[in-house]
Amino acid sequence: MIGCDSVNRYYALSTYFQKKYGKKYIKLSLDGGFSCPNRDGKLSHKGCIFCSGEGSGDFSGIVEKGQKVISDSLQNQAESQKQLLKTKWSNAHFIGYFQNYTNTYKPLEELGQIYDAALAIEGIEGIAISTRPDCILEAHIKLFKSKSVMWVELGLQTIHDARASWLRRYYDTDDFLFAYNRLKAADIPVVVHLILGIPGESKTDFLKTIDFMNTVKPFGIKLHMLNVLKGTDLGILYEDKPFDLLSESVYIDWVCDALEILDPEIVIHRLTGDGPKDLLLAPRWVLNKRSVLNGINKCLVTRNSYQGMRFNKDPKTEKVD
Ligand code: SF4
């Protein structure tokens, strides 16, 4: 059971940090004032159907007509989070996490300055960058290699292009693969974001996306339930005619199935996530992350299973029901 410990039956990010560096890292959410080509009109003005522009972490900027106005310097953003953390985690080390919007979507020179500003903050030992696969060029890879980039996060959500197009992702799975392979060839770890409960996707569809993860073998994955947020087009659809969403118990069941077939060396960066509380229309159970995580661990104990228990190195031969 690689990476499993007395707390988790999966390879949690905290376990990875302990094994690789022998210390605890905490991510500090940093807002570098980025936008996204799927919102500023380059590809579309609408954005992904579920996107409010806010990640599930802290959000310190203001959105005005698709442009971002930073309300605080990176230094101040980091310091305010460090203050909140210092009593509980006095020995923690930090990673600057560029999470909101598309964090490679600026001219290269400016990008280098933003990343450098984060790396200059006391206690920050590396940065993690969340972006779109179609916003990574060879020049970005060179830039990442010249900075302390610990990993790059790519939104994929699903490998099924028809559903991705319903989500208005505006790139297809081949575009993802192209960027992914570039990063992998340069030895830059990649974390892939996946969404459960996309309308029209069955458990079998979702597990095919997990099989695909086994084939490409990223450094890590992040899972979360589709959140329906007020003010998004998905929210408008839902308020007009509520559609079925996964219940907490079904979500837990899908996640446990995914963990069982997942390569045990892939690090789990997140198993549940929630949008801003005041914007979340449904499902409201995502707000109780502790309950979801406890439910996942309990389910794995009941099944007497763990990450990778049914991992098949040749996923094409694994039958998924
Ligand atoms: S790519 Fe990310 S930031 Fe851009 S619209 Fe989609 S979810 Fe929002």
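**View 1. Lysine 46 sits in the loop between E1 and strand E2 (61-64).** The model shown here is predicted.

**View 2. Lysine 46 meets residues from elsewhere in the chain: Arg168 and Asp233.** These are its contacts once residues up to four places away in sequence are left out. Take arginine 168. Along the chain, it is 122 residues apart from lysine 46.

**View 3. The ligand is surrounded by 11 residues.** Which of them are closest? They are Cys36, Asn38, Gly47, Cys48 and Cys51. Four of its residues are nonpolar, five are polar and two are charged.

**View 4. Seven strands build an open sheet.** Read across the sheet, the order is E1-E4-E5-E6-E7-E8-E10. The pairing is parallel. Which strands form the edges? They are strand E1 (25-30) and strand E10 (267-270), and each pairs on one side only. From one strand to the next, the twist averages 25°.

**View 5. Strand E5 and strand E6 run parallel, joined by five bridges.** E5 covers residues 124-131. E6 covers residues 149-157. Now look at serine 130. Its bridge partner in E6 is glutamate 153.

Terms used
Residues numbered from 1 in each chain as written. Predicted model: local features only at pLDDT ≥ 70, side-chain atom pairs only at ≥ 80, totals over all residues. Pairing = 2+ DSSP bridges. Helix = DSSP H or I, 4+ residues; strand = E, 2+ residues; numbered from the N terminus. Axes fitted to C-alpha atoms, helices over the stretch in contact; angles between N-to-C directions. Near = placed C-beta within 6 Å. Nonpolar A, V, L, I, M, F, W, Y, C, P; charged D, E, K, R; others polar. Contact = placed C-beta atoms within 7 Å.
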